[in-house]
Amino acid sequence: MDKPVLRVGLIGSGFMGKAHVFGYATAEKVFDLPARIELHTVADITDDAAARAAHAFGFANATSDWRAMVANPEIDVVNITSPNALHKEMALAAIAAGKHVYCEKPLAPTAADALEMTEAAERAGVKTQVGFNYLCNPMLKLAREMIEAGELGEIRGYRGLHAEDYMADASGCYTFRHDPAGGGALADIGSHALATAEFLLGPISRVMGDCVTMIPQRPDGYGGKRDVEVDDVGRAFLRFANGATGSIEGNWIATGRKMQHDFEVYGTKGALCFSQERFNELHFFSTADAPGRQGFRRIEAAPTHAPYGNFCVAAGHQIGFNDLKAVEVAGYVNAIHGGADEPFNFRKGLGIQTLVERIQQSSREERWLDV
Ligand code: NAD
């Protein structure tokens with residue numbers, strides 16, 4: 001039987017735009033998707049940029065007018081990989097045109113914006129997805145299964161962080177990531193740390209934040225300086241609804257760190273330790289091991305850890321960053337055409353945005369806040 005066609009419109013052809021394209025291309029090859037993917041149109045800021053991206057990525061059409069693309073009845077799903085401050089306007093226009101929307105994180109500048117987007121999508125009955133691709137790692141799934149199965153006993157503590165150094169150089173220019181409309185380290189990468197914390201331990205119920213701007217001015221790119229209002233480091237102490245205590249950190253000035261999306265989970269019977277820098281591994285400590293033989297053991301990703309086996313039949317050969325996007329894409333296509341739940345829809349993205357905002361508020365008010 002012929003599969004339905006899912007025609008994709010992409011807005012933004014930078015880092016994440018390319019990752020989405022990889023995601024679609026790989027997902028079609030390694031998963032039995034319920035639809036065939038057609039890369040229909042790519043939109044970028046100029047006709048030239050869009051044409052270059054269409055040629056490189058294999059889109060049939062290119063445009064500098066994302067509004068026209070979103071209104072095109074031939075397009076089924078709009079992927080938004082543009083700067084954060086634009087997500088809301090683009091998503092609302094796409095939803096109004098009846099499109100499914102796959103939007104990068106952070107979903108919107110504020111929780112109120114994210115709520116408006118979520119309610120619009122739910123009213124329209126379109127499927128949504130937010131790009132929290134690190135959650136698609138089979139080793140995170142394994143970690144969650146081990147926690148849920150009680151292999152760690154009662155969970156007492158959690159430490160998570162997402163640290164990189166792409167803003168560590170104070171002579172680096174002001175970018176969209178510094179825009180108060182959706183910017184800051186906590187929103188940019190702390191959001192990933194929050195999503196992972198809740199993925200593993202369930203809802204966060206209280207937060208105490210500390211968000212700090214360490215580089216208060218940056219070159220504006222035109223010979224002048226521009227004030228920076230957003231945080232370079234955003235940390236929070238956490239209490240989880242299940243009683244566990246913990247912390248997260250979003251840090252984009254962590255000199256030397258390139259992808260430290262890490263966590264540790266401590267339970268009464270064992271512990272887990274993970275680093276995105278070696279994300280095909282999960283380390284497990286068990287108190288049941290004999291004294292003198294105890295220590296973190298390294299579990300390597302293998303075909304038993306679905307969906308690793310879709311990518312590679314051999315254990316320990318490893319999957320990569322863009323493969324996580326392919327897993328995310330596959331989950332989303334299955335939600336649109338296969339009747340599955342959306343892996344991480346706008347309502348879940350709203351939850352993360354709400355946490356970000358509560359942590360920022362808590363930092364300003366210097367007090368614990370309920371979520
Ligand atoms: P980028 O600067 O590499 O790409 C942004 C693209 O949007 C560029 O091609 C730019 O020309 C285009 N653009 C800007 N304004 C536009 C407009 N008005 N119309 C059409 N196109 C426009 O940025 P990026 O790193 O790809 O980040 C994009 C989004 O992806 C951000 O929201 C960011 O937070 C998110 N992101 C997510 C991850 C992840 O792991 N999920 C990683 C990086 C970035």
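Which residues does Q353 touch, not counting residues up to four places away in sequence? They are P106, L107, A108, P109, T110, A111 and A114, where contact means heavy atoms within 4.5 Å.

Before we go on, a word on the model. This is a predicted model, in which local features need pLDDT of at least 70 and side-chain atom pairs count only at pLDDT 80 or more, while totals for chains, interfaces and linings use all residues. Residues are numbered from 1 along each chain as its sequence is written, and side-chain values use heavy atoms, with hydrogens and water left out.

Back to Q353, which sits in helix α10 (residues 346–365). Helices (H or I, at least four residues) and strands (E, at least two) are DSSP runs, numbered from the N terminus. Q353 is buried, with a relative accessible area of 5%; buried stands for under 20% relative accessible area, with a 1.4 Å probe and protein chains only. Its side chain reaches the backbone oxygen of A108 at 3.2 Å.

Now for the sheet. Nine strands form an open sheet with mixed pairing, in the order β16-β15-β14-β13-β7-β12-β11-β8-β17. At the edges stand β16 (297–300) and β17 (369–370); each has a single partner strand, so one side of each is left without a neighbour in the sheet. Two strands count as paired if DSSP finds at least two bridges between them.

Two helices pack on this sheet. Helix α6 (residues 138–148) touches β7 (155–163), β13 (260–267), β14, β15 and β16, and its direction makes about 20° with that of β15. The helix that holds Q353, α10, touches β8 (204–212), β11 (233–240) and β17, at about 60° to the direction of β8. These angles run from 0 to 180 degrees between N-to-C directions, with axes as lines fitted to C-alpha atoms, for helices over the stretch in contact.

| Strands | Sense | Bridges | A facing pair |
|---|---|---|---|
| β14 (residues 270–275) and β15 (residues 281–286) | antiparallel | four bridges | G270 and S286 |

Finally, the domain assignment, automatic or from a database, gives domain 1 (5–132) and domain 2 (138–278 + 280–317). Their C-alpha centres lie 26 Å apart, and eleven residues of domain 1 are in contact with 13 residues of domain 2.

How values were computed: Buried means under 20% relative accessible area, exposed over 50%, partly exposed in between (1.4 Å probe, protein chains only). A polar contact is a pair of N or O atoms within 3.5 Å; within protein, one must be able to donate a hydrogen and the other to accept it, and residues adjacent in sequence count only if both atoms are side-chain atoms.
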